[in-house]
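Here is a quick tour of one protein chain. Take a look at it first, then read on.

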Amino acid sequence: MKILDFAISRFELASRFIIVAFACGFIFLFNAFPALAISSYQSDTTEGTTQLLETQRKTDEAAKAPPIGLKETQEKTKRGLNEVQGDADIDKMKTPANSQSATSVEQEVKGFLEKVTGKD
């Protein structure tokens, strides 16, 4: 009986270790690589610098000038997102018109699971 109790205690210890190791690996994997779940556009680190500098320049000009009137604000806003940004990167914004062919996260996960399970 002592041998059976010893074997069961060793089995429980090993199973606990495996469960803890699996949980730690799971937590590490999904905390360390969350962005790998979605394949998306990877921008260059210097890509937005010039656009931001231009926007900052216009913001500084707007801050130094006296407040503009309603008519001028409406005219500047008609040209784009707001009176400072204008239409900067408006073509890169996600809208229903340019997102019809995009795949959702659900579709990507479903496709991945189909590949893994072989139900392709």
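The notes below go through the model step by step.

## What you are looking at

This is a predicted model, where local features need pLDDT of at least 70, side-chain atom pairs count only at pLDDT 80 or more, and totals for chains, interfaces and linings use all residues. Residues are numbered from 1 along each chain as its sequence is written, and side-chain values use heavy atoms, leaving out hydrogens and water.

The pLDDT is the predictor's confidence in each residue, from 0 to 100. Here the chain averages 77, and 78% of the residues score at least 70.

## The helices

You'll find four helices and zero strands (DSSP runs numbered from the N terminus: helices are H or I with at least four residues, strands E with at least two). Among these elements, α3 (residues 70–78) has the lowest mean pLDDT, 79, while α4 (residues 105–117) has the highest, 87.

Helix α4 has 13 residues and reaches 18 Å from first C-alpha to last, close to the 18 Å expected at 1.5 Å a residue (that is, 1.5 Å times one less than its number of residues). Just after α4 comes G118, with a positive phi of about 80°.

## The surface

F22 sits in helix α1 (residues 2–32), and F22 is exposed, with a relative accessible area of 61%.

Key
Buried < 20%, exposed > 50% of the residue type's maximum accessible area, 1.4 Å probe, protein only.
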